[in-house]
Amino acid sequence: MLPTPKKFKVVAGGAEGKSKLTAFDNALLKAGVGNVNLVKVSSILPPYCEFDPDFALPLGALTPIAYGSIVSDVPGETISAAVAVGVPEEDTMGVIMEFSGKCSKEEAEVTIRKMVEEAFEVRNLALKEIKVCAVDHKVEKIGCAFAAAPLWY
Amino acid sequence: MLPTPKKFKVVAGGAEGKSKLTAFDNALLKAGVGNVNLVKVSSILPPYCEFDPDFALPLGALTPIAYGSIVSDVPGETISAAVAVGVPEEDTMGVIMEFSGKCSKEEAEVTIRKMVEEAFEVRNLALKEIKVCAVDHKVEKIGCAFAAAPLWY
Amino acid sequence: MLPTPKKFKVVAGGAEGKSKLTAFDNALLKAGVGNVNLVKVSSILPPYCEFDPDFALPLGALTPIAYGSIVSDVPGETISAAVAVGVPEEDTMGVIMEFSGKCSKEEAEVTIRKMVEEAFEVRNLALKEIKVCAVDHKVEKIGCAFAAAPLWY
């Protein structure tokens, strides 16, 4: 099987670019995950996967990651992305949620906390804490907001 | 290289949620894959990968999976998702197809069988059988239909 | 951790199908990646990952791949997809960009070269060369254009 990740952190970034994909690329760089290969996952915190805000990712590494992102080319528009990791009370799995939309960072955070709470409730899991990271970005020409929970070893 | 999967099954689920992502999460739980990390693949049955309806997935495991899903917030709308795995006559690869749309489960099944037949025909492969799994869901507020072929070891 | 790829190539294909997903499947076959499990990555050339136009992928293998694709069911429409891998001067990472749109192959190539140049500039990396592969396809009924950089071991 593929190895199960053992560490996570939460990151976010907003940026402009000359195209939609390079705006996305620039937002990844701001978030500190622009130099690895993102492998999008949907999106569980494995048991014993610990919060570690400091790990470094090797260049080009295949990196399991849960993320939300939004790109806009409407000048003046505010876009936001948020990620939240629900950490369980017991030694079991948690849940990761991603959000992106045309709203402020604060609204994104409120929304995503509710999503984690719903996911814990439906699984009858007790919630110890929620690690949240969110960003908003006011579009100049072509902008991207990105938030993610990279998982690592 | 990444290890090639050795087993597969077909699953499906429909559910409501308070948001689009939690509706998706709840549909995954109904389908029995809500507590793992889905790594979406596009979508071949490896040679010697055997049907096994009973395997369990470890919590949080990185799980290669082919899936189709649809989310709707139009009350009363019927949404469906289907997955079909074409199993070959000979000891070689098969093909997995995914479908989602605004139709009944029966229509989704008819559509997806044709897709597998086309994929076998274009590859000049003889088809032994098609494993199909489909679901439909009538939306109350925010609903999701999800069907998948998880691949495992 | 997941193993980091050591080789890459660039491929592209355009095709018709009876449905959108089988058009995509047929374009993958034309591009030579139709019989593996694509694991989409976003999209860095790892250090020491070398260009090799000749490697074969085992049937059904989980294959890290950066790709762009577009499907259209508008008869007569020209669709295109392009991929470009920026190879660095120094022994470090490069960047992969993907593009798809309703334009000619030539326009796609111009666009994607600029995207790679922007990604190198923002990272202060010197660009040695760009490997580009692009395709366009004139839709008959349901068509797909697909371009990709598969990464391998």
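Buried area is the accessible area (1.4 Å probe) that two parts lose on being put together, summed over both. Keep that in mind for this predicted model, where local features need pLDDT of at least 70, side-chain atom pairs count only at pLDDT 80 or more, and totals for chains, interfaces and linings use all residues. Residues are numbered from 1 along each chain, chains are lettered from A in the order written, and side-chain values use heavy atoms, with hydrogens and water left out.

C:L21, C:N37 and C:L62 supply 28% of what chain C buries against chain B, more than any other three residues. In terms of contact (heavy atoms within 4.5 Å), chain C brings 25 residues and chain B brings 27.

As for charges, there is 1 salt bridge between these two chains, meaning a side-chain nitrogen of Lys or Arg within 4 Å of a carboxyl oxygen of Asp or Glu. C:D25 pairs up with B:R123 in a salt bridge, their closest N and O atoms sitting 2.7 Å apart. The largest share, 6 residues, comes from α1(C).

Now hop over to B:T22, found in helix α1 (residues 20-31) of chain B. B:T22 touches A:M97, A:M115, A:E118 and B:G17, not counting residues up to four places away in sequence.

Note on methods: Helix = DSSP H or I, 4+ residues; strand = E, 2+ residues; numbered from the N terminus.
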